[in-house]
Structure formats: C-alpha cells, structure tokens
Amino acid sequence: MLDNLSVNKRAAILSIVMLVVGLLIWEAAIPAQKAAGELTEYERLTGGGAQKAGVPPPSQVIVKAWQELSNPFYDAGPNDKGIGIQIGYSIYRVLSGYFLAALVAIPLGFLIGMSQTAYKAFNPFIQVLRPISPLAWMPLALFIIQDSEASAIFVIFVCSIWPMLLNTAFGVAGVREDWVNVARTHELGALKTAFTVILPAAAPTIVTGMRISIGIAWLVIVAAEMLVGGTGIGYYVWNEWNNLDLTSVIFSILMIGVVGMMLDAVFGVLQRAVAYAE
Amino acid sequence: MSKPFLSIERLTQQYPDGQGGTLTVFENASFGIEKGEFVCILGHSGCGKSTIMNILAGLAEPTSGVVKMDGFAVSGPSLDRGVVFQNYSLLPWLSALKNVTFGIKARYPSWSADKVEAHARDFLAKVGLEGDVVYRKPSQLSGGMRQRVSIARAFANHPKLLLLDEPFGALDALTRGTIQEELLKIWSGTEQTVFMITHDIDEAILLADRILLMTNGPFARVAESVEITIPRPRSRTEIVEHPNYYAIRNHLVQFLGQRSKELAGQQSDVPDQRPETVRIDVSETETATEGSAPPPLRAVNT
C-alpha cells in the first residue's frame, strides 16, 4: 500500500505516526494525581492532598494551547498578557536589532570583502569580538544605555552582526574574477559594479549569513528577555516558571519553536529568490 | 609608412620568478593591426598570448611598452575594446537577453529600454538564438549557446577592437565548426577589427586575414605574420579545396612543431621586433614571399 505513495506522502505519514506515538508515551508516562478521597488518614495529615507540581500530560498542554491561541491578544495587566502580545514584543526586538545589524554588517562586509587591507585591519577585532556570548554584553549595555528595552535590542544587534558580516565579506571576496572583468570591460563605475555585478553574485552567500543571523537572534532573545523582564516570550517562559505553571511553559516552548521556524522559512524563500546556478 | 589602426610597440612582460629574479615572458613584441582586419595569434601555452590579450583589453599592465589605438596610447579597460572570454563570462543570474542588454546599456546609456532590447534581440538572432531560448539563464544553455550569447554581447556593442580569447576552446569540434561559421557571418557584415587567440590551426586559417606566430617562452616573440591568401567568403568545407590551404597549413604546422622551439629563448639584439611577413600563394607564378621561403608541401598528421 505504501509503495504507491510519493516520498513526501510517506514522510508525512511517518511524521504523524511519530507524533502520535510520542504524545501517547508522554501521556502514559505521567502518573495520575490521586483524588483526595482515596488518601489514607496519614497522607491527609501530612499534606498529601495538596496538588503536587508535575510535568503535565500533552492533553493539558493542548487544552492550554487552545485557550491561549483562541484569545492571543488580551492584556490583563503586566503579569497577564496574551501569547500574541508577548511574541509580538519579541519579534519587534529581534527585527529592530537585526535590521540595525544588517545596516552595519552588509556595507562593512562589502568593504572587508573588497579590500585586503580592510580585511586584515578588521580581522583581529572580529576574531576577538565574535566569540563573546551576546548576553555577556548585557550588564554593560544596561549600564550605558540605561534602558532595558534598548539593551535587549543591542544584544540582538551584537549577536546577529557576525554571521552577516563574515558571510558578506566571504561572498564579496569570492566573486569570480571573470565577472568583475566583465564589469571592467564595460566601464562600469565602482558603485554600478557593486550593485549590478558583485551584489547579485554574492547575494546567495549574504542571504545565507542573514538566515544564520536571524536564527541566532531568535535563540538569544529568549535568554535576553529572561534577564530584562517585563514583556516578551522569554519573560513569559520565566514568569510561568515562577508561577510553577508548567503547562504554560511547555506551550510557550512550542511557540518559540514555531515562530523560529517561520522566521527561518521567510529567509528560505529569500534564499531561493537570489540563488543562481553557474 | 602610416601607423596602423592598432599598434603594439615594444611590449615587454616580466614576472618575478619566485627566486628573486625575473622571468621575461616576452620582450619588445611589436606588431600592428589594420582597421577591419581579422588577426589570429597562434603559439604554444606559456608564450604570453593571454597576457598580450589582457594587456590589449586593459585588464593587465605590461612591464614596459605601449599599445596605441587610433594613435592614442590606451590604458585600462574600455568599451572600445570588447572581449569574449574563453569561459563565456556570462552573468549567471541574468537571462541570455539580459546579459546582452547589460552590455548595450553600458555602451549606450541614453537608449530607451525598448531600443536596447530590440538591438539585443537583433544580435542574438544573428547568432541563431531566437524565441524563448533568450529568456533562459546561462546554466540552462549548452556551452555552444553560451558562447553565442557572449559573442552577441560583444558584437552588439560595436567595439572598435574585438578581442577573442580562445572563444571556442571549451567546445566540442562539431559545435565549434558551426559557431566559427556564425562568427564569420556576423563579422562579415561589419567592419569589425578582431584579434583572436586560438590553438586551432584550421580555425585560424578559416577565420583570419593574417596569423601571427609566436615562439615559445620565455623571451617569446611574435616571429612571423602569415597572410592567408584564400579569398573570402570562406566556408569550412570549401577552403580545404583551395590550393593555398595546405601550403599555409604546412607552414604553420612546421612553425609550431619545430621552429617555435628553435627560435625560442633568443634574446634579440634588435630592440624593435616586428614579425616577418610571410605570404604563401602557390597560384601566383612562383611563390612570392618576403623573407623566408615557403616550406615544401608534405603530408601532415596532426
């Protein structure tokens, strides 16, 4: 029966089977809470009747997800906002920091890629700054900027600049000499060459760098928001942990994954648009 | 003697040899090309043909010497000198049509988009590319088609001098034959001056008015300038019938097979090394040659 199906269909069926089996195992692995009536006297006296915190079964997570997603934008005070609002804050911070980084990284990457001198001059700084965990900048950023919102954006800026910078430089430096010669024999000026030959030639590498950067930015925003607090999906996770609401924690973990996947998909589309075959 | 349209004067190219000394690829090479002439240059690898080509294109600087076009020294690349590269050098993210309009737009910035496109289509049609094929990207074209696009791009710009760097080197023999004839067709309609590098003797005889022969490097020089005394229009199948064909061919084969080695490495005393003009025409009463005598006819197996 399976033989007649395409690879995609077979893969989809297998995915669904894995999901269902996984959820069933998870559901079965959670011990049921005993009802208060079944407790012995001793247990009641020692507080056994109080609800124990435990990992919730998937059925509870699904119910929670349904509740949250059916009303994602409610705002009932600083500690109780809908998941849509929290994710919206996170995306806003990620995109602000990310676009600021792109604004710096892509022109600078062009310069470094086109000039040996610039490459050698910038390289030591890049090598030292790149391995620093973006969160290590947080205290300094908070002190200098004096604003938690802007500090979070700064942390995103710092973490997304490197892949874009290095990939742009790498892509620009790797543009085939022949194509540059075509520009030269057609008497194109420096700016015209950059936009009509080097940019399209390096675009696949640059967009790959942008795709890596957005992935890293989304990883870092969760941690950054746990630190700065207030709003955002990272803050939401941490807040629900403090509330010991593990159902919400698991739900928000899933949402982080889904949003990350969507951000990546956008860049996947962009990557296909600029790709070319030699 | 009036100056030719293109004059290469005492061109010398030296590279550091990696051991502190210098390696002289060629020295005091001088020759001229007349307007509307089709000149091929033949020589073994390493004699500096490509370097001469790059200097003419303005992509490289000679160690010493000048290139003059219309009496003015040239420096740097220019739209007046169009280049067809061996590896086509089409921009892979643009369609065939856009690759040609890319060149035309650079050459004629004031033209309207419609005029540019019509001009591009006109030249693509001249090399046999019509219909939907012009919308394909280079990766979707065969090697022969890519080189046709590249040739169309160069001719569409009407450069004063067209440089062809082994344009058919990467093509199979059958495709090469067809494109050679297309090149002749598109060239014969113009007064285009062409300078072409090739490794293929038959190709050179078919296409050229004159063939420059280079000795082996280092200290390579342009030793002879052989006139092709076969009337145009020529076609691949007919030129072999011409009495001069094998006489010329044998001369070239003999030069490349033997004399290019014997003449190699001789540092010259004469500062200005103009190539010796050789004219082989067996149909004339007794061969009229200036300089060396034509070699006797013999069978060639190359």
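So, B:Phe38 and B:Trp187: both are buried, and buried here is under 20% relative accessible area with a 1.4 Å probe on protein chains only, where over 50% would be exposed and in between partly exposed. Keep in mind that this is a predicted model, where local features need pLDDT of at least 70, side-chain atom pairs count only at pLDDT 80 or more, and totals for chains, interfaces and linings use all residues. Residues are numbered from 1 along each chain as written, chains are lettered from A and ligands numbered from 1 in the order written, and side-chain values use heavy atoms, without hydrogens and water.

Rings of Phe, Tyr and Trp (its six-membered ring) pair if their centres lie within 6.5 Å, with planes under 30 degrees apart called stacked, over 60 edge-to-face and the rest tilted. That gives us 11 aromatic pairs over all chains.

Take B:Phe31 and B:Phe195: they're stacked, 5.9 Å centre to centre with 15° between the planes. B:Phe31 sits in strand E2 (residues 22-33) of chain B and B:Phe195 in strand E8 (residues 193-198) of chain B, so this pair ties together parts 164 residues apart in sequence. Both B:Phe31 and B:Phe195 are buried.

Back to B:Phe38 and B:Trp187: their ring centres are 5.3 Å apart and the planes are at 80°, so that pair is edge-to-face.

Over in chain A, A:Tyr98, A:Phe99 and A:Phe267 make one aromatic cluster.

Last, charges over rings, meaning NZ of Lys or CZ of Arg within 6 Å of the ring centre and within 35 degrees of the ring normal. B:Lys115 lies over the face of B:Trp111, 4.3 Å from the ring centre, and B:Lys126 has its charged end over the ring of B:Phe123, 4.4 Å from the centre.

Key: Helix = DSSP H or I, 4+ residues; strand = E, 2+ residues; numbered from the N terminus.
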